[in-house]
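I opened this notebook to record what I looked up in one structure. The entries follow the order in which I consulted it.

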Amino acid sequence: MAGALLGVLLLLRLLGAGEAENEELRLYHHLFNNYDPKCRPVKEPEEMVTITLKVTLTNLISLNEKEETLTTSVWIGIDWQDYRLNYSKDDFGGVETLRVPSELVWLPEIVLENNIDGQFGVAYDANVLIYEGGYVSWLPPAIYRSTCAVEVTYFPFDWQNCSLVFRSQTYNAEEVDFVFAVDHEGETISNIDIDTEAYTENGEWAIDFCPGLIRRPNSASAGGPGVVDVIYTLIIRRKPLFYVINIIVPCVLISGLVLLAYFLPAQAGGQKCTVSINVLLAQTVFLFLIAQKIPETSLGVPMLGRYLIFVMVVATVIVMNCVIVLNVSLRTPTTHTMSPRLRHVLLELLPRLLGSGAPPEAPRATSPPRRASSVGLLLRAEELILKKPRSELVFEGQRHRHGVWTAALCQSLGAAAPEVRCCVDAVNFVAESTRDQEASGEEVSDWVRMGKALDNVCFWAALVLFGVGSSLIFLGGYLNRVPDLPYPPCM
Ligand SMILES: *[C@@H]1O[C@H](CO)[C@@H](O)[C@H](O)[C@H]1NC(C)=O
Ligand SMILES: *[C@@H]1O[C@H](CO)[C@@H](O)[C@H](O)[C@H]1NC(C)=O
């Protein structure tokens, strides 16, 4: 009795142990007891392994323009079939997937060919999933730093063409072949897959197109079978707001200030040059900022750089212009003579053309009323003097004005005639020299007016140059759109 009970217990225990045996472990032993990961999963050497590839972009981390490096975070989905891992789930207690470390199975050794930091492989060796029928699936994550030739011509209104080139490092085109994965609806996913929920939007770049292409070597080519490349192209467009706010607007504002130099009067002299040279210095700072951002390439000049060069040239021209205008404005009759033609063009024709109010009145005709009264008196006196002999003038005048009672005084003056004549001569001299001074002062102010007229012309010229140049350059940037490529949009 006791023996029978013991026997039953033993049997139960055996059964229990049998049930408890791990099906996965059994499957693992079944698959891997005779497995060598170094061998390609084909029965005949001429057979090909077909690899299904699907690249999922989770994050476009950055594009470093200076180092011409694109950093991306991707998941690389690779699927293939390994006949040696063929099993039926019915034989193994319904085990649907077996997860094993990736080094235990054969891998196609897919690498990113155009990486820049020697990081060819994946970032994390995820497990390999083995399904019923020998289907193997591997989805490792990777952070890739790949080369991307940055086209700087339209910076910061540019778009870039970067590519990720995958290939099997060890196996040639006769050993492995690549195909794109197929989604649930049976459509081939040839794009880089972007899961809008998992994807983190990049603040600087928008992805417009992301087509993929499998490039098989020409079968007729000499020198071995070659390799199959899977090339994903990323057409990314820069969002320029950052540069508009931080560089373009301040730069346009500061450069616009240079036009103010024209409104400074000639008397301010050096101030005119100071304003424009300060602007020139500020522009140099901006140029320096841009130079730090873009690659050190001589293949193209960035649009922003071209703009800065342009405004710097404008500022330099304005500095030269100011110096020339100062030279004209501060001339004096003792050092320069004014040609009548120049006077006509600059003082009469130009103001009329520019419509800047009434042309300055002909200076000589209108000058008497504008003279200071004492000088006017002197001049009138002088006119009298010109008409009559001096002594006569003196005595006659006196007689007329003061009547007879002064005649006696006049006669006594007549006695002292030589002294009085001397006095009159002195007065005459004063009148003459004042007149000379007046005339020269007038000519000085003519030069100043001429400088002003020049300033006026140059201001409009500079305004047109600045406005047209700026708008042309920025229009070029604005029109630089990503071309309509025959691919479906990426997102
Ligand atoms: C897997 O094994 C089943 C039978 O067990 C067979 O019918 C099938 O063809 C095999 N598949 C491969 C890829 O060898
Ligand atoms: C992007 O570059 C690849 C190769 O570098 C080229 O084949 C493709 O035509 C380029 N695409 C565009 C839109 O320029």
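**Basis.** I worked from a predicted model, in which local features need pLDDT of at least 70, side-chain atom pairs count only at pLDDT 80 or more, and totals for chains, interfaces and linings use all residues. Residues are numbered from 1 along each chain as its sequence is written, chains are lettered from A and ligands numbered from 1 in the order in which they are written, and side-chain values use heavy atoms, with hydrogens and water left out.

**Annotated spans.** I read in the unreviewed UniProt entry that "transmembrane region" is annotated for residues 241–263, 275–295, 307–330 and 457–479. UniProt positions are in the numbering used here, feature names are shortened, and annotations may be inferred rather than shown by experiment. I then checked two of these spans for helices (DSSP runs of H or I, at least four residues) and strands (E, at least two), both numbered from the N terminus. Residues 241–263 are 70% helix and 0% strand, with end C-alpha atoms 33 Å apart. Residues 457–479 are 96% helix and 0% strand, and their end C-alpha atoms also lie 33 Å apart.

**Ligand 2.** I found Asn161, Ile235 and Leu485 around ligand 2, each with a heavy atom within 4 Å of the ligand. A polar side-chain atom of asparagine 161 is 2.4 Å from an oxygen atom of ligand 2.

**Valine 301.** I located valine 301 in the loop between helix 4 (270–293) and helix 5 (303–329). Its relative accessibility of 47% makes valine 301 partly exposed; buried means under 20%, exposed over 50%, and partly exposed in between (1.4 Å probe, protein chains only). Valine 301 touches Val152, Thr153 and Arg306, leaving aside residues up to four places away in sequence; contact means heavy atoms within 4.5 Å.

**Aromatic pairs.** I counted 16 aromatic pairs. Rings of Phe, Tyr and Trp (its six-membered ring) pair if their centres lie within 6.5 Å; planes under 30 degrees apart count as stacked, over 60 as edge-to-face and the rest as tilted. The rings of tryptophan 80 and tryptophan 106 have centres 5.8 Å apart and planes at 80 degrees, so this pair is edge-to-face. Tryptophan 80 is buried at 3% relative accessible area, and tryptophan 106 is buried at 0%. Tyrosine 307 and phenylalanine 474 form a tilted pair, 4.6 Å centre to centre with 45 degrees between planes. Tyrosine 307 lies in helix 5 and phenylalanine 474 in helix 11 (residues 417–478), so the pair ties together parts 167 residues apart in sequence.

Notes:
A polar contact is a pair of N or O atoms within 3.5 Å; within protein, one must be able to donate a hydrogen and the other to accept it, and residues adjacent in sequence count only if both atoms are side-chain atoms.
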